[in-house]
Amino acid sequence: MADPVLLGVDSFVARVTDPSSGREIGPEERFEHLLEEIALADRVGLHSYGIGEHHRSEYYDAAPPVILAAAAARTERIRLRSAVTVLSAADPVRVFQEFATIDLISRGRVDLVVGRGSFVEAFPLFGLAFEDYDELFTEKLDLLLKINESPVVTWSGKHRPALTDQPVYPRPAQERLPIWVGVGGTPESFARAGLLGLPLMIAIIGGEPKQFAPLVDLYRRAGEHAGHPPEALRVGLHCFGFLGDDVAKATNSFYPGWEEMFTTVAAERGGMPPTRRAFDAMRGPDGAFFVGDPRTVAEKVLRVSEQLGGVERINLQMTNPRLAHEDLLHSIELLGTQVVPLVEKGQTSPS
């Protein structure tokens, strides 16, 4: 009997224009809405809420630890996490101190997901060379793991001053911070997480999740080769998702903002602009988007978990720049009150 997939929400705290009035929601009101969304996710029993990190005008999530600390003080059960912390452009000592502090405020409800991010703005902003991104991440992850293991650290590297018997405080409420590695589609990233025995958070923003099965297998084989127990090799997914009372309502609410986001990305990166046809394919049975009514989404959760050999958690990135706050609240409520029970029933019933 498999454990049910744990479900949650991720947010990039997008700057929003209300679709019905055309009014742009100011940052103060947007943060008020965000905290209301997180509180609702807590009340309806979702497992976790993640905040991304971007340094762009269309997102308000440049300081995720501050947001998560505010959420920690207003929630009781939900786990709070980064989605992801751009570790290559951060100081691991400060990252640990910030998330240990949130862990204390929340009484042990923090997960730290670290990665390199999908945008590059953090590198020039903090005076770093983008071509060093992999070396920066590897070195800083090594330091972060050492700090997590012991309150007194001796360490040296290329991109940060050395530490010699240096105490790092505060310590978290949990014995150690759960540190996940956020990855895209690079085999080396999957293998590295497995060799380190760290849980894996996969960002799947297009295509078909089943295409990641060989990479997940690589991760698990690398972990087994390094001697890590199977229970340490946990897999989570970060995917686009949105719920409505029926498939049409969910799709019509979510698509306009998704199209706006990826039109911007395509223009910046020289890619093909998004189309409704591509969107509909990706919300289909084998696509990467969890968009639809509760039964449709629950069935996809079960199917994708099976395709990847079992995943522990799936967090849906729901926010976009053309989404009404009321629709987002309704989506969160449906995920917690209807999808979670359907997933639990589907994974505990006899086959």
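Student: Where does Val-84 lie?
Tutor: This is a predicted model. A cis peptide bond joins Ala-83 and Val-84, with omega at about 0 degrees. As for its place, Val-84 sits in the loop between strand S3 (79-82) and strand S4 (85-86).

Student: In which loop is Pro-170 found?
Tutor: Pro-170 is joined to Tyr-169 by a cis peptide bond, and omega is about 5 degrees there. Pro-170 belongs to the loop between strand S7 (163-167) and strand S8 (179-183).

Student: Is Val-13 buried or exposed?
Tutor: Val-13 is in the loop between strand S1 (6-11) and helix H1 (27-43). Its phi is near 50 degrees, a positive value in a residue other than glycine. Buried means under 20% relative accessible area. Val-13 has 0% relative accessibility, so the residue counts as buried.

Student: And Asp-165, buried or exposed?
Tutor: Asp-165 lies in strand S7. Phi of Asp-165 is near 45 degrees, a positive value in a residue other than glycine. The cut-off for exposed is over 50% relative accessible area. With a relative accessible area of 55%, Asp-165 is exposed.

Student: How far apart in space are Tyr-59 and Val-13, C-alpha to C-alpha?
Tutor: Tyr-59 is in the loop between strand S2 (48-51) and helix H2 (64-74). Tyr-59 is buried, with a relative accessible area of 10%. In sequence, Tyr-59 and Val-13 are 46 residues apart. In space, their C-alpha to C-alpha separation is 5.6 Å.

Student: Which residues does Tyr-59 touch, not counting those up to four places away in sequence?
Tutor: Val-13 is one of them.

Student: Which residues have the most contacts inside the largest nonpolar core?
Tutor: This core has 94 residues. Its largest share, 8 residues, comes from helix H11 (residues 325-348). The residues with the most contacts inside the core are Leu-7, Leu-46, Ile-202 and Leu-237.

Student: What is Ile-202 in contact with, leaving aside neighbours within four places in sequence?
Tutor: The partners include Val-183, Gly-184 and Phe-190. Phe-212 and Val-216 are also among them.

Student: Are H6 and H7 roughly parallel or antiparallel?
Tutor: The axes of helix H6 (residues 187-196) and helix H7 (residues 213-225) come within 7 Å. They cross at roughly 30 degrees. Angles under 35 degrees count as roughly parallel. H6 and H7 are therefore roughly parallel.

Student: Which residues of H7 does H6 meet?
Tutor: The crossing of H6 and H7 is right-handed. By class, the contact has 10 nonpolar, 2 polar and no charged residues. H6 contributes Pro-187, Phe-190, Ala-191, Ala-193, Gly-194 and Leu-195. On H7 they meet Leu-215, Val-216, Leu-218, Tyr-219, Ala-222 and Gly-223.

Student: What is the orientation of H3 to H5?
Tutor: The axes of helix H3 (residues 92-106) and helix H5 (residues 133-149) come within 9 Å and cross at roughly 45 degrees. That angle makes H3 and H5 oblique.

Student: How many nonpolar, polar and charged residues are in the contact of H3 with H5?
Tutor: The crossing of H3 and H5 is right-handed. Pro-92, Val-93, Val-95 and Phe-96 in H3 meet Lys-140, Leu-143, Leu-144, Ile-147 and Asn-148 in H5. These residues divide into 7 nonpolar, 1 polar and 1 charged.

Technical notes:
Residues numbered from 1 in each chain as written. Predicted model: local features only at pLDDT ≥ 70, side-chain atom pairs only at ≥ 80, totals over all residues. Heavy atoms only, no water. Core = buried A, V, L, I, M, F, W, Y, C linked by side-chain atoms within 4.5 Å. Buried < 20%, exposed > 50% of the residue type's maximum accessible area, 1.4 Å probe, protein only. Helix = DSSP H or I, 4+ residues; strand = E, 2+ residues; numbered from the N terminus. Contact = heavy atoms within 4.5 Å. Axes fitted to C-alpha atoms, helices over the stretch in contact; angles between N-to-C directions. Parallel < 35°, antiparallel > 145°, perpendicular 65-115°, else oblique. Left-handed = near helix turned anticlockwise from the far one by under 90°. Nonpolar A, V, L, I, M, F, W, Y, C, P; charged D, E, K, R; others polar.
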